Every structure is written in C-alpha cells, then in structure tokens.
Amino acid sequence: MYKILKRQDLVPGIHLLKIDAPKVAKKAKPGQFVVIRIDEKGERIPLTVADWDEKEGSVTVVFMEVGTTTHRLATLGTGESIADFVGPLGVPTHIDKLGTIICVAGGFAVAVIRPIAQAMKDKGNKVISILGARSKDLLFWEDELRRASDELIITTDDGSYARKGLVTEPLEELLENGNKIDMVMAIGPTVMMKFCAKTTEPFGVKTVVSLNPIMVDGTGMCGCCRVSVGGVTKFACVDGPDFDGHQVDWDLLMARQRTYLDEEKLSFDQWQCQCGNHT
Ligand SMILES: Cc1cc2nc3c(=O)[nH]c(=O)nc-3n(C[C@H](O)[C@H](O)[C@H](O)COP(=O)(O)OP(=O)(O)OC[C@H]3O[C@@H](n4cnc5c(N)ncnc54)[C@H](O)[C@@H]3O)c2cc1C
Ligand code: FES
C-alpha cells in the first residue's frame, strides 16, 4: 500500500496528493507518469508526476475530478493509502539547451509543465510560460510556474484575471513579433494542444505535446493508448507521452478518447448512487 503523506485541495475539483513511494521518487524525471489503482477492484489511471523528493521518498501528483476514479481519489485524505502506484513510466521529456522555449499549460497541466519548465531553465534555456485557465478561481501554482520561468503570461477565458482570451493568442503574438523561438511545449486538454500545434505550424517551430489517450497497463501490452503520429502507429505509454504536435492525428486521438463515454457515464452514475449523491 502507498500512503498519502499529504492531500491538498488546490482549486475546486483539482487536488494534490503527496504519496510515499521511494522507488518511484528515486527514478522520476520530468514528463513521466505513474499508473495508480485505489484498491484491488479499482481501474488503473495514469497521472503525471508533478514533483518528487528523493530524500523524503515522496512523489506528488495533481489530478482533476472527471469521472469515477478521480472522484473516488478525491475522497481520500492524508494518512489513507492506495493499492498501487506504478512508475515512473513513459519516456522523460527531452531536456536540452535549445535557446528560447515557450511552455504552454492549460488547466491542471500547470502542475505537469512546472518541472519541465524548471529543467529547461536549469539547462540554460530562456523559458517563457503561458498559463491558461477558464477563470481566476481555477488558477493555481502561478508563483511556482513564475519561479520556473523567465517570463509568465496568464490568460483566463472569461477575463476574470490577467489577460482575457485563450493561450493561443499570446503564443501567436510571440511567434509573430519576430522573437526567435526554438521550441514550444504544450500540455493540457487535447483540443488546446491541437490548436497550439496549429498555431505554431505556419511558423515552423518545433512543438512537443504530451498526449493523454486512454491507457490501461501503461507498459505497451494492451494497445489501448494507440495514437497515430506522422502516419505511424505509436503507443503513447512507451513511445511517449511526448510527441511532435505537427505530426499527431488529432481527430483519431479525440475519437478514441470518446470510445467509452457511455460506460464511463454508467460507472459514474452507479458510483454516485452508491454514495447517495444521485439526483
Ligand atoms: C500519460 C497521462 C498522464 C495523465 N496525467 C494526468 C494528471 O497528471 N492529472 C490529471 O488530472 N489527469 C491526467 N491524465 C488523465 C487521467 O488519467 C484521466 O482523467 C483519468 O484516467 C480519468 O479517470 P476517471 O475514472 O476519473 O474518468 P473516466 O470516467 O474514466 O473518464 C472521464 C474522461 O477522462 C478520459 N479518460 C478516461 N480514462 C482515461 C485514461 N486512462 N487516460 C486518459 N484519459 C482518460 C475520458 O476520455 C473521459 O472523457 C493523464 C492521462 C495520461 C494518458
Ligand atoms: S496503455 Fe496499454 S499499450 Fe499503452
């Protein structure tokens, strides 16, 4: 069992868990993920490592409540345990000295991109981060991402904080203003990553995205996380999750993400009934 050392509610529907997992903490690198299972009957879900402390033997994940497992996970508190915490999995994000890098994060992905931005900065790159959220009350880790960046631009869809609009707008301006941008890293909802890649494509700037197809085993065995990149089939769990955003077949990815919508809804309704939450 893996003990929860700390649970923190970051914003409504998004939570942080610090887990006692010394073996994972020893090997984790930016961009990698773990597959967790709450108990022996639970489904496996992938979550990206947001932080880790080798000395303490802890790994931090940040997750958003979307369906049954993430809602169940949100009911756990400090001192409780989960059955499985497997990792680190996936190919770490390639960290190199390239020059100027734009890191774009949408929603909970600020937690995912922060260690990448920090590693890129530590390597000597100039890091410009763009952080987007639907509204002010869903923004978190602004200071943490600011510390990991040379410059931080914030957008909210409804204009309740900082600049009103989508992350693609400042991204396009930075590219148009003649700045030499050597790479863009975009992590967040699939549609956000797709439009970041569409924005950078005419400028020919390499754009890396972290794909989030449905995963089961996370070790290349089940084929569930199949994606098409440059016309070649890849397994996101072992070949990724980072891929060239200009090569991803976004329509296929989004169609495959919707495969089990009916089952996911049924599972969530059943869970709510069990909890007595059903309206
Ligand atoms: C490599 C990777 C890293 C991820 N890191 C994070 C993270 O750090 N924080 C976070 O909040 N979420 C992360 N996700 C997404 C997270 O795994 C899903 O939100 C979670 O599996 C949903 O489970 P559920 O039972 O709560 O919802 P479900 O009812 O299963 O699904 C609700 C929605 O989530 C999508 N989904 C379902 N299962 C998966 C799955 N196994 N993988 C991806 N999407 C799924 C479905 O398309 C559906 O729209 C990551 C996904 C991948 C592939
Ligand atoms: S999750 Fe099974 S092959 Fe990737």
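Predicted model: local features only at pLDDT ≥ 70, side-chain atom pairs only at ≥ 80, totals over all residues.
Residues are numbered from 1 along each chain as its sequence is written, chains are lettered from A and ligands numbered from 1 in the order in which they are written, and side-chain values use heavy atoms, with hydrogens and water left out.

Let's begin with the sheet. Helices (H or I, at least four residues) and strands (E, at least two) are DSSP runs, numbered from the N terminus. Two strands pair if DSSP finds at least two bridges between them. In general, strands of a sheet pair through backbone hydrogen bonds, either parallel or antiparallel. Here we have an open sheet of 7 strands with mixed pairing, in the order β11-β10-β9-β8-β12-β13-β16. Which strands are at the edges? They are β11 (163-164) and β16 (242-244), and each pairs on one side only.

Now find β12, residues 183-187. On one side, β12 runs parallel to β8 (residues 100-106), and 5 bridges join the two. For example, I101 has M183 in β12 as its bridge partner. β12 also pairs with β13 (residues 207-210), again in the parallel sense, over 3 bridges. There, A186 has V209 of β13 as its bridge partner.

Is β12 mostly covered or uncovered? It is mostly covered, with 5 of its 5 residues buried; buried means under 20% relative accessible area, exposed over 50%, and partly exposed in between, using a 1.4 Å probe and protein chains only. In a regular strand the side chains alternate between the two faces of the sheet. In β12, M183, M185 and I187 are buried on one side, and V184 and A186 are buried on the other.

Next, the helices. The axes of α5 (residues 168-176) and α6 (residues 190-200) come within 10 Å and cross at roughly 20°. Axes are lines fitted to C-alpha atoms, for helices over the stretch in contact, and angles run from 0 to 180 degrees between N-to-C directions. That crossing makes α5 roughly parallel to α6, since angles under 35 degrees count as roughly parallel, over 145 as roughly antiparallel, 65 to 115 as roughly perpendicular and the rest as oblique.

Which residues meet there? T168, L171, E172 and L175 in α5 meet F195, C196, T199 and T200 in α6, where contact means heavy atoms within 4.5 Å.

Finally, the backbone spots. G87 and P88 are joined by a cis peptide bond, with omega about 0°, and P88 sits in strand β7 (residues 84-89). Another cis peptide bond joins G240 and P241, with omega about 15°; P241 is in the loop between α7 (236-239) and β16.

W141 is not a glycine, yet its phi is positive, about 60°. You'll find W141 in the loop between β9 (126-133) and α4 (142-147), and at 14% relative accessibility it counts as buried. A162, also a residue other than glycine, has a positive phi near 55°. A162 lies in the loop between β10 (151-156) and β11, and at 49% relative accessibility A162 counts as partly exposed.
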